[in-house]
Amino acid sequence: MDADNEAKGKVSDQAMQNPQALAALQDKLDSVSPSASIMDSLPKSVKRRVNALKNLQVNSTHIEAKFYKEVHELERKYSALYQPLFDKRRNFVSGEVEPTDEECEWQSDHEDEAALAEDLKKKAAIEEKTEDANEEKPKGIPEFWLTIFRSVDMLSDMLQEHDEPILKHLQDIKVIFSGPDQSMSFTLEFHFEPNEYFTNTVLTKVYKMKSEPDADDPFSFEGPEIIDCEGCEIDWHKGKDVTVKTIKKKQKHKGRGTARVITKQVPNDSFFNFFNPIKDDQKRCVHLLCFQQDEDSEYTLATDFEIGHFFRERIVPRAVLYFTGEALEDDESFEEEELDEGEEEDQDEEDDDDEEEGDSKTGDPQPAECKQQ
């Protein structure tokens with residue numbers, strides 16, 4: 001009996017030291033449905049009816065999948081309607097086209113021009129002409145996209161100092177939706193003017209999506225999800241690749257004791273690693289020592305998907321508002337509201353704790369004590 005207990009103890013210790021074993025055990029525990037006990041307690045005739053409801057739910061899920069596919073088609077259709085506006089935006093940003101006076105008219109929230117006195121208007125016009133004559137006129141809107149990268153936390157986290165001179169040459173970002181006869185996906189296109197860093201004029205990132213219920217777990221379906229992504233090869237000019245850095249390393253000969261210095265290239269942090277994503281087959285790792293690395297890869301992949309979605313849903317459609325900071329103010333307001341709500345919940349919990357402590361001090365019995373009695 002003692003030998004059996006000792007053997008079981010060893011197995012338990014080994015399991016606790018093996019992250020893969022623990023993960024497998026957790027998966028099994030997670031797979032145990034909380035509704036299992038409810039179903040077990042039901043009469044057989046009721047179980048049959050519940051199973052019928054589940055089949056209806058599966059059918060509903062398949063209809064929902066069709067709905068999202070039609071939404072994708074609508075996005076593709078309206079993308080073509082938006083594109084002329086985005087093309088105009090690119091021309092204004094790059095300086096290829098100068099907007100007309102009519103296109104530049106904008107009623108400021110902080111200034112009502114109609115209320116200005118006529119003489120002040122004339123004075124302002126004279127001052128404006130003087131400033132125009134004195135100042136150096138830049139082409140287009142300099143550093144438009146770089147300013148957005150610097151302002152948005154999700155993008156600035158990826159941005160390195162050596163990336164910034166390259167991103168000054170970024171002229172446009174486009175979202176291209178897959179066609180009606182293709183698998184669901186979208187492509188981000190980053191358009192660059194000719195520069196000293198690489199020969200590409202367009203860098204691409206394709207996000208492949210799935211919008212159908214899993215046959216083994218149909219109830220997990222919550223709409224389209226990104227399942228994979230594919231970058232592109234950047235044709236760097238010699239010595240301009242910011243995704244690698246050259247280091248010098250001293251090697252000592254074991255026998256002779258002589259030393260030599262070698263140079264080697266190692267990966268370097270850069271936004272442009274975005275175009276060389278971790279592939280699904282790269283993140284698979286069966287050796288125990290690779291368990292943590294595999295978790296890191298999963299996190300990196302999930303972050304990559306989130307960034308792609310953010311470009312598609314927020315940055316590209318509302319670029320000018322991220323440039324001016326107006327969209328950032330909206331985002332921050334939303335986050336603050338969520339934070340305030342969370343703080344209120346925490347405060348409520350603290351109040352509840354204080355009440356419990358007060359009850360304990362006065363000797364009033366707690367519900368658990370009543371049950372024990």
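Student: Is E164 buried, partly exposed or exposed?
Tutor: Partly exposed, in this predicted model. The relative accessible area of E164 is 23%. Buried would need a value under 20%.

Student: What does E164 form a salt bridge with?
Tutor: R150 is the partner. The closest N and O atoms are 2.8 Å apart.

Student: How many salt bridges does the structure hold?
Tutor: Ten.

Student: OK, over to K240. Which side chain does K240 meet in a salt bridge?
Tutor: That of E196, at 3.2 Å from N to O.

Student: Which parts does that pair tie together?
Tutor: K240 lies in the loop between β4 (225-230) and β5 (244-252). E196 lies in the loop between β2 (185-192) and β3 (202-210). The parts tied together are therefore 44 residues apart in sequence.

Student: How accessible are K240 and E196?
Tutor: K240 has a relative accessible area of 28% and is partly exposed. E196 is at 47%, so it also counts as partly exposed. Exposed would take over 50%.

Student: What about K205? What is its salt-bridge partner?
Tutor: D304. The closest N and O atoms of K205 and D304 are 3.0 Å apart.

Student: How far apart in sequence are the parts they tie together?
Tutor: 99 residues. K205 lies in strand β3, and D304 lies in helix α11, residues 291-315.

Student: Are K205 and D304 buried or exposed?
Tutor: K205 is buried, and so is D304.

Student: Back to E164 and R150. Which residues are joined with them into one network?
Tutor: E143 and K168. Salt bridges that share partners join E143, R150, E164 and K168.

Student: New topic: the surface. Which residues form a negative patch?
Tutor: D214, D216, D217 and E225.

Student: Where is E225?
Tutor: In strand β4.

Student: Why does E225 count as partly exposed?
Tutor: Because its relative accessibility is 44%. Partly exposed lies between under 20% for buried and over 50% for exposed.

Conventions
Residues numbered from 1 in each chain as written. Predicted model: local features only at pLDDT ≥ 70, side-chain atom pairs only at ≥ 80, totals over all residues. Heavy atoms only, no water. Salt bridge = Lys/Arg side-chain N within 4 Å of Asp/Glu carboxyl O. Buried < 20%, exposed > 50% of the residue type's maximum accessible area, 1.4 Å probe, protein only. Helix = DSSP H or I, 4+ residues; strand = E, 2+ residues; numbered from the N terminus. Patch = residues over 30% accessible without salt bridge, like charges linked within 9 Å, V, L, I, M, F, W, Y side chains within 5 Å. Areas by Shrake-Rupley, 256 points an atom, 1.4 Å probe, with all protein chains shown as cover. Lys, Arg positive; Asp, Glu negative; His and termini not counted. Charge placed at Lys NZ, Arg CZ, Asp CG, Glu CD.
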